[in-house]
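Please look over the sequence and the model before reading on.

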Amino acid sequence: MADDNVPAAGPGQASQEPQNDSAASKPYAGQATTALTTVDIQTLSFPDGSRGTFQTPTARSVSTPVSSGHASPGYKGSYSGGEGDDGASVMSFAPTMRPAGDIASLFVGDLSKRSIAWNMLRSQAPTVQPFETSRHRRGDALAEFEAEFEPVPATATEEVDDASRVATWKAKLKHYMILSSAGKPIWSRHGDLMLINSSIGVMQTIISFYEGAKSPLLGFTAGDARFVVLTRGPLYFVAVSKLGESDSQLRAQLDALYMQILSTLTLPTLKKIFVHRPSSDLRKPLQGTESLLSSLADTFTRGSPTTLLGSLECLKLRKSQRHSINNTFLKLRSDKLLYGLIIAGGKLVSVIRPRRHSLHPSDLQLIFNMLFESDGIKGGGGENWIPLCLPAFNNQGYLYMYVSFLHDEGQEAQKEAAALPDEEQATPASQQIAMVLISTDKESFFSLQKMRADVAQQLAKSGHLAVIRGAARAGRPRVAQIVPGNPMSHFLYKSKANVQFCMAALEPPFDAIAERRRLMSLYHEMHAAVHAKHAHLKILHNTSEDSTSLAWVTPVFELFCVGGPNMSRATMGQGANKIVQWAKKEEQRLFIIGGGVF
């Protein structure tokens, strides 16, 4: 039986349970029938307002139920489970013989076929992009999504009184709050702590009540908002979302905020603060890191594929080029080095590591957030020396991170850059290249500084720095390059073995922040459905008035695709197969397999 979270099959859809009668199990057995050949009268409306009718003879069998031939309006969900070959394509799930109509395959069969009238009208209509109707719908929750990141006024003025400040705070679609078990406010994404102090007190009372009953509170719903609570020692983390994310997804985001705190304090320091004084105010030890917490929270609100899939995105490079970069890294490695990274615009380019150690995606997300999202060291030239705890690696102590952003190392390139206006000298965040060198030795600054200079010089000399910059400038692949002629709009592909993912470029309209959030919300819904507890889905196909989507999960990969509302299942399946074939062919370029090991 399917999980309750999975949409049930609607009218006219394929049932997941076969008929038990003998006639259904023996498609070739002779059957008595009273089938008649009927004539359907179809009506077609033309663009000039005129109407016409025509006849379509169809044969119906009383013994085998069939659909009406017309798709049901509104939302539909269809899914496929079973124990098929995980390496097979989507189309391989189709049976070789035509089954009874009520157990038709997901992508083969006439159950969802459109009428001739529909197909004629559809052929004349332009391709409809996803979410086109959502943008113009009254009461659209994402209509003012850009205002989500605007700060709540810190103090009351003649124009904005306290009531207006509270109303602005309540209008936010997503909140994150951190408080201590004693009820002390620590951090909140929206509003100053004085404004939300009463809300913090209410949350602490509710959580403490359940803690006292030996039944920790995990979450609850109030109105259209979902509250999720995560308890980590003496700290309570609360997420309030109106964006439709699942509890497990929100809990993963809260856990990332906890990791951000540990990266600043370490676990022993955090325990020491509260063991003697449970009512300690943690705001002072965390002073200066609020921007890191806020930038991480905003990444979740905008929609983070990295957090959703629990994996990393790498810069697409030729295998030989990445191998040469790794060899340069290894050849010039300092004896003090633990990890070496080259990152371009939040995408991993190269990593060298000890043979028996690897970096967890959650630790790398903290580093990427610090470099490219927060205002701390983003976009800066120069050098940075930062003590940092990587909780997934070791939450008991600090490592020491040397960070330097790479620019064109040649003298001629530097002179040309200096001659440009200031606004043209600034490199977009998506094209900034950083070298990160991590050591366990706090006295290794000068050793890592020399390594950085040697590696940067060699990369510039060999032309690999220009290769990295060119790949970062090229950006992600476009859907039209991978599945030409297919109306698919976007996809996410995760390689489970490599714990890495790739995605299509965010082309219009998804380059707008609100449209990107709509896209990510749909990905969140699909991901929650296929990963729901007791759900054993391999394929989930959804259609609605806004979009068509497909989730395909195997032990090897996960694929999520989105298209317009009039995209057929067969077309979606063909596009999905091509993407999987492309990812397999380009695997050595899309993903870092192994990296440099010493």
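## Helix 10

The model is predicted, and helix 10 covers residues 319-331.

The buried residues of helix 10 are Arg322, Ile325, Asn326, Thr328 and Phe329. Seen down the helix axis, these buried residues fall within an arc of 160 degrees, so they line one face of helix 10. On the other side of the helix, Lys319 and Lys331 are exposed.

A search of the whole structure finds 16 salt bridges. One of them joins Asp140 and Arg518, whose closest N and O atoms are 2.6 Å apart. This pair links distant parts of the chain, with Asp140 in the loop between helix 3 and helix 4 and Arg518 in helix 17, 378 residues apart. Both Asp140 and Arg518 are buried.

## Partly exposed salt bridges

Asp247 forms a salt bridge with Arg226, and the closest N and O atoms are 2.6 Å apart. Here Asp247 belongs to helix 6 and Arg226 to strand 7, 21 residues apart. Asp247 is partly exposed, at a relative accessible area of 23%, and Arg226 is partly exposed at 23%.

Lys336 forms a salt bridge with Asp441, with the closest N and O atoms 3.2 Å apart. Lys336 lies in the loop between helix 10 and strand 10, and Asp441 in the loop between strand 14 and helix 14, so the pair ties together parts that are 105 residues apart in sequence. Lys336 is partly exposed, with a relative accessible area of 40%.

Definitions and conventions. Residues numbered from 1 in each chain as written. Predicted model: local features only at pLDDT ≥ 70, side-chain atom pairs only at ≥ 80, totals over all residues. Heavy atoms only, no water. Helix = DSSP H or I, 4+ residues; strand = E, 2+ residues; numbered from the N terminus. Expected span 1.5 Å × (residues − 1). Buried < 20%, exposed > 50% of the residue type's maximum accessible area, 1.4 Å probe, protein only. Arc of directions from axis to C-beta. Salt bridge = Lys/Arg side-chain N within 4 Å of Asp/Glu carboxyl O.
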